[in-house]
Amino acid sequence: MKITDTSDLWWKTAVVYCLDVETFLDSNGDGVGDLQGLAQRIDYLSQLGVTCLWLMPFYPTPDRDDGYDVSDFYGIDPRLGSHGDLVEVIRTARDRGMRVIVDLVINHTSDRHPWFLAAKRSVNSPYRDYYVWRDDPPPKGQKNAVFPGQADGIWGKDEKSGQWYQHSFYEHQPDLNIANPRVRDEIAKVIGFWLQLGISGFRVDAVPFLLEIPEGAGIPEPHDLLRDIRRFLQRRSSEAILLGEVNLPYDEQVQYFGGVGGDELTMQFDFVGMQALYLSFVRKDPAPLIAALRARPSLGTEVQWANFLRNHDELTLDKLDDRERQEVFDAFAPDERQRVFGRGITRRLPPMLDGDPRRIRMAYSLLFTLPGTPVLFYGEEIGMGENSDVSGREAVRTPMQWSADRNGGFSDASPSRLVSRPPSDGYAPAHINVAAQLEDQESLLYFIRALTSRYRISPELGWGSLEVIDQPADSLLAHSVSADVGRVIALHNFAEVPVTTVFQVGDEPDGTTLVDLFEPSHMALGPGGRVELEVLAYGHRWLRVSRPGDGRVM
């Protein structure tokens, strides 16, 4: 890999920022965030170090599932703006060096989508086969794996025809029949449409469900469909990516890349590593995370892991065993109301870590030093909390907190008109907001800015391979990320007491030093590359391996 390659595969060293337009900034005082409001905050995101915006669904919708029940794949919810407003966001972001990706929700539609309305009118409708139907009643006692307790099985009855339609999610979200060539053509048109408007790829929702082909469909390899989507995408735009939501064990995730070489998804979220990390937080012991990292498959150049601490859904813990999951529940969600679907937590990171700035900063430092691409959820950079008065996953989807003003500076509307309510506890806008942290260089916001800047000058973190470094301190994770462009060693202390450790850097040339990327210090290596140093309680250190003559300033 040459350093110039990083501009071709831009996503290898991107900083991704996920936001919901309707909760980011309201520009017209109607209580709902909009695209014009987002355009006004592009400079803020640029200064934060964001290089890729991921926009959650902004399509027309009945809004029974936070926009994931789409009624028009080509439209924009009129509450949020127009196509012109979106193009202005994309253009403004491009001017600041940011690309924009959008949610692609093609496993299902809303039951109010014109396709489904037409499909229900007649069994002979040309849109009938856009969906999955059965004549016989489904087996009794069938569970809904996605929304247990909230959705009744995976089959809904069409009273007019007496047939049943499949819905892997809510009953109002009928599954599309991906085996139908006309449906695949429609998906291609949708992808082509948004690419033409200037977006740089898609976060693909619920990919495993998308590839669940109906029995008897005559498609021997469902992954061929994902390959077709990737090929079409790259024909239309050489830079565009597919960032997939694939919450499966590692060996199965590799299949969705198309193998280590990669001809299907470009990137996937590392759900296994994320869940192991939370178990490590609870135990104050990096061992679960180390085990996950060592089990993580190595990937080829054309694909990538996306690392995250929090997203817009519940904090799922389904890859932990029952005992481990209960351990995390007991520590981070002691109130049953903070849990959902028997597998997840509806809280943000800072409240789970008791607001301890040391632990919070260590967590984000670790996020940015794991090999792969870091993904932030809006408000993480200021330490937003959840609104415990809002039920379910909506608790973490509250308005962005810009200031201590009314409604956190999100909107001038009366509080009763807001699309969602900010928290009223210690994480309320009066205590946590952008304006106050911009005036405090010791704030979390400034720290996240520092992380993004160090990450951006350390391409090995996006391109490199991982090595967990053996050392004697049980509470310490020491790891190295190496690529042709260089090597970074990171140390993170999961314990509430300082630790001193000793380790070997490995085979490096004479004169090699370690440069601390957060402090103006250089450290000479001892005999055989020996290093001895201290890491503070819940501390972190980034050390660049500086070889003689490499010419890097940091």
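Biologist: How far apart do the C-alpha centres of domain 1 and domain 2 lie?

Modeller: They lie 56 Å apart. Domain 1 covers 114-166 and domain 2 covers 465-546. Such bounds come from an automatic or database domain assignment. This is a predicted model: local features need pLDDT of at least 70, side-chain atom pairs count only at pLDDT 80 or more, and totals for chains, interfaces and linings use all residues. Residues are numbered from 1 along each chain as its sequence is written, and side-chain values use heavy atoms, with hydrogens and water left out.

Biologist: Let us turn to strands. Which strands pair with strand 22?

Modeller: Pairing requires at least two DSSP bridges between two strands. The elements are DSSP runs, numbered from the N terminus: helices are H or I with at least four residues, strands are E with at least two. Strand 17 (residues 486-493) runs antiparallel to strand 22 and is joined to it by five bridges. Strand 19 (residues 513-516) also pairs with strand 22 in the antiparallel sense, over four bridges.

Biologist: How many residues of strand 22 are buried?

Modeller: Buried means under 20% relative accessible area; exposed is over 50%, and partly exposed lies in between (1.4 Å probe, protein chains only). In a regular strand the side chains alternate between the two faces of the sheet. Strand 22 (residues 540-546) is mostly covered, with six of its seven residues buried.

Biologist: Now the cores. Which residues touch the most other members of the largest nonpolar core?

Modeller: A nonpolar core is a set of buried Ala, Val, Leu, Ile, Met, Phe, Trp, Tyr and Cys residues joined through side-chain atoms within 4.5 Å. The largest one holds 141 residues, and Tyr17 and Phe202 touch the most other members. Domain 1 and domain 2 each give this core at least three residues. Set aside neighbours within four places in sequence, and Phe202 is in contact with residues including Ile101, Trp194, Leu233 and Leu243. Contact means heavy atoms within 4.5 Å. A second, separate core has 16 residues, among them Leu476, Val531, Leu533 and Val535.

Biologist: What about empty space? How many cavities of 30 Å³ or more does the structure hold?

Modeller: Rolling a probe the size of a water molecule over the atoms shows where empty space is left. On a 1 Å grid over the protein atoms alone, a cavity is a set of points where a 1.4 Å probe fits but cannot get out; a pocket is an open set with protein on both sides within 12 Å along at least five of seven lines; lining residues have an atom within 4 Å of a point. Points are joined across faces, edges and corners, and volume is the space filled by probe spheres set on them. The structure holds six such cavities. Helix 9 gives the most to its lining, with three residues.

Biologist: Which residues are closest to the centre of the largest pocket?

Modeller: Val146, Phe209, Glu245, Asn247 and Arg343, out of 29 lining residues. The space in this pocket is about 570 Å³. Helix 6 (residues 207-210) gives the most to the lining, with three residues.

Biologist: Last, the backbone. Where is Tyr538 placed?

Modeller: Tyr538 is in the loop between strand 21 (530-535) and strand 22. Its phi is positive, about 50 degrees, although it is not a glycine. At 4% relative accessibility, Tyr538 is buried. Asp66 also has a positive phi of about 50 degrees without being a glycine. Asp66 is buried too, at 8%.
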